[in-house]
Structures are given as structure tokens and as C-alpha cells.
Amino acid sequence: MITRSPTPLQRRQTRETTPDTPPSWQDQLAGVIRDPRELCRRLGLDASWLAGAEAGHDLFEVRVPEAFLGRMRPGDPADPLLRQVLPLASEAETTPSFVADPLAEAESTAAPGLIHKYPGRVLLIASPSCAVNCRYCFRRHFPYDENAPSRAQWDRTLAHLHDDPSIREAILSGGDPLAASDRQLAWLVERLEAIPHLKRLRIHTRLPVVIPDRIDAALLQWLSSTRLQKVVVLHINHANEIDEAVIGACTRLREAGATLLNQSVLLRGVNDGIAPLAELSERLVEAGILPYYLHVLDPVAGAAHFDVPDDEARELVAGLRDVLPGFLVPRLVREIPGEASKTPL
Ligand code: SF4
């Protein structure tokens with residue numbers, strides 16, 4: 001079973017709360033639901049779901065924040081948010097071409113925590129854990145233990161960036177980079193902005209969606225004060241994920257100077273229809289987020305039940321063009337290992 005426990009730092013950050021004070025984001029992160037039995041119980045699922053949930057959990061552990069759980073419909077196993085996080089017995093099935101490392105990231109790992117796939121930009125694994133474990137995640141088998149750099153390794157990574165003037169952009173990824181503490185992130189961003197040829201800081205995160213309280217004053221402090229141009233790429237797959245708290249978090253990010261984009265994954269049973277995709281785009285733009293990419297599923301072992309064939313994906317996006325203005329139609333793409341950028345379908 002893949003288990004990502006709270007880091008010692010996250011545990012230290014857990015603060016005392018009283019019934020009157022809302023839990024801090026650190027408490028919310030430390031308190032995510034990690035028990036498939038509790039997930040099924042809290043959502044009032046029929047007992048028949050439990051065996052599958054436990055079997056899937058043994059392969060990739062359950063993690064669901066309360067704030068995300070609160071947007072699901074109790075008693076409905078087809079809820080589009082629940083489907084993204086509910087383990088199923090079918091995750092143990094072997095499907096030809098669905099593999100542990102579908103993007104061949106092991107071949108692009110230049111140093112611990114540093115993935116250099118594309119020219120001009122590098123990806124830094126800023127945190128080995130996420131607030132939520134999405135069942136379709138292409139990194140569900142990623143060896144995070146081998147990619148948790150020490151300070152000395154970070155120094156070598158930063159020296160690598162310093163010595164390569166072609167690198168214009170640093171992408172903070174994970175796990176979820178915002179699962180790291182603000183102290184760690186501020187340290188890293190301060191060093192990145194000292195690299196003169198670095199222009200942009202991109203942050204790939206789902207935390208503002210699943211724990212909107214993560215976007216707090218401490219985060220906004222380091223984010224708003226960096227000289228780097230800031231792009232936050234959110235990951236939202238269904239309109240129901242965007243509630244008022246998420247809109248508030250997005251507003252704070254924009255006020256700190258960040259451009260907000262969204263990437264979704266096309267997922268069977270979650271958003272595989274013109275109506276849900278159109279509603280998602282409408283809701284994103286209401287929250288000040290531009291729809292950017294719609295990814296077809298990366299063929300990761302354990303996630304084949306989410307797959308939507310390419311022809312169907314193209315038809316859906318063609319249908320979106322009929323009902324939405326062009327700027328609300330995301331680009332349909334696939335990531336192919338070895339290609340210099342995402343491949344449009
Ligand atoms: S938040 Fe992102 S990195 Fe984390 S499990 Fe979900 S898809 Fe994967």
C-alpha cells in the first residue's frame with residue numbers, strides 16, 4: 001500500500017483549535033480522511049462498496065479532505081467528486097498498455113526532485129504528498145521517497161538551474177507543492193528568484209480546490225512579494241468542485257498577482273459529456289480561471305476504468321465549440337513521453 005503520512009513539519013504545524021476557531025489548513029491537511037471505511041460511512045454508501053474501496057486503498061491510499069467531502073452528494077456512488085477519490089476493486093486489474101510510469105518520468109529525472117522534460121522549463125517536486133489522492137493520478141506509483149531532496153540536493157538542483165540560461169520557468173509540482181510549509185516554499189522561491197534568467201514561477205496545485213483555506217496570509221506574503229511572474233495552474237474536473245470558498249481562494253491568488261489557469265482530465269463517469277464540460281468552463285471563468293488543457297487520461301496502472309477513447313474525446317470538444325465561446329474551450333491534449341510539448345489531439 002502506498003502510504004503518505006503527514007510530514008513531521010505538517011504535524012508540528014497542527015495547531016490547537018477551539019470549537020470557535022475554524023481548523024487551520026494544517027489541521028485540515030493532517031485530518032484528511034484516510035480510511036475507506038470512514039469514507040463509505042460518511043457518504044452513506046451501501047455496504048457493497050466497502051470491499052472494493054479497501055482493495056483499492058491497499059494499492060493507493062485514500063486521502064480526502066473534509067472541505068472536498070462536503071461538496072459530495074451523500075448516498076450517491078455516482079457523485080462526480082466521489083468517483084475521483086473512491087477506490088475500486090478494478091484498480092487491481094491489469095490492463096494492457098496501462099503502466100506504472102506512463103510518462104516515463106524516471107528517464108527525465110535529472111536529479112532527486114528535478115524533472116527536466118521540456119526545453120526552457122524544469123519541474124521541481126516541492127512536496128511528496130497531496131491533500132487528496134485522485135484515483136487516476138499518473139503519479140500514483142511515483143517513487144516519492146527517492147525524490148525528496150535534502151537541502152544539499154536542493155542546492156545542487158538550484159546550481160543546475162543557475163548554470164543553464166535556457167531555463168526561463170520553474171514549475172513547482174509534487175505531490176502538491178502547496179502541501180509544503182510556507183517557510184519551505186518561501187525559502188525555495190527566494191532562491192529561484194535569485195537566478196537572473198528565471199522569469200516565471202508556475203505552481204501546479206489542487207490545494208486551493210480541496211482545502212481553500214490553504215490560501216492564507218502566509219502564502220500570499222511570499223507569493224505576492226516575488227519578482228517572478230506567477231502562474232497558478234489549478235486542477236478541477238467538475239463544476240461541483242467550485243464553491244464559494246474556492247472562488248474566495250482564487251480571488252486572493254489573483255489579487256496576489258497570479259494568473260489562474262485550469263487543467264482537467266477527461267474522466268469516464270466524472271465529466272465525459274458536453275453538458276458537464278461546458279458547465280465546468282462557465283464555472284471556471286466565474287471564478288476567474290481560464291480553461292487551459294483538457295487531458296486525455298494518462299494510461300497509469302489502476303485507472304483504466306476512467307478511460308475515454310480519443311474519438312469520443314474529439315467529439316466532446318467539437319460539441320463544446322458549438323456551445324461556448326472559443327476562449328472557454330480547453331485544448332484537448334495528450335502527453336507523450338519524449339515529445340517536446342503536449343500533443344494536441
Ligand atoms: S492532486 Fe494532483 S498529484 Fe495529487 S493525487 Fe491528485 S492528480 Fe495526483
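Biologist: How many residues of domain 1 are in contact with domain 2?

Modeller: Two residues are in contact if their C-beta atoms, placed from the backbone, lie within 7 Å. Here 26 residues of domain 1 are in contact with 26 residues of domain 2. This is a predicted model: local features need pLDDT of at least 70, side-chain atom pairs count only at pLDDT 80 or more, and totals for chains, interfaces and linings use all residues. Residues are numbered from 1 along each chain as its sequence is written.

Biologist: Which helix gives the largest share of the side of domain 1 that touches domain 2?

Modeller: Helices (H or I, at least four residues) and strands (E, at least two) are DSSP runs, numbered from the N terminus. On the side of domain 1 that touches domain 2, H6 contributes 5 residues, the largest share.

Biologist: What span should helix H12 have?

Modeller: The expected span of a helix is 1.5 Å times one less than its number of residues. H12 (residues 274–286) has 13 residues and should therefore span 18 Å, which agrees with the 18 Å between its end C-alpha atoms.

Biologist: Which residues of H12 are buried, and what do they pack against?

Modeller: A residue is buried if 20 or more other C-beta atoms lie within 10 Å of its own, exposed if 12 or fewer, and partly exposed in between, with C-beta atoms placed from the backbone. Leu 277, Leu 280, Ser 281, Arg 283 and Leu 284 are buried in H12. An α-helix has 3.6 residues a turn, so residues three or four places apart point the same way. The buried residues of H12 pack against strand S7 (258–265), strand S8 (290–295) and helix H13 (310–323). Just after H12, Gly 288 has a positive phi of about 80°.
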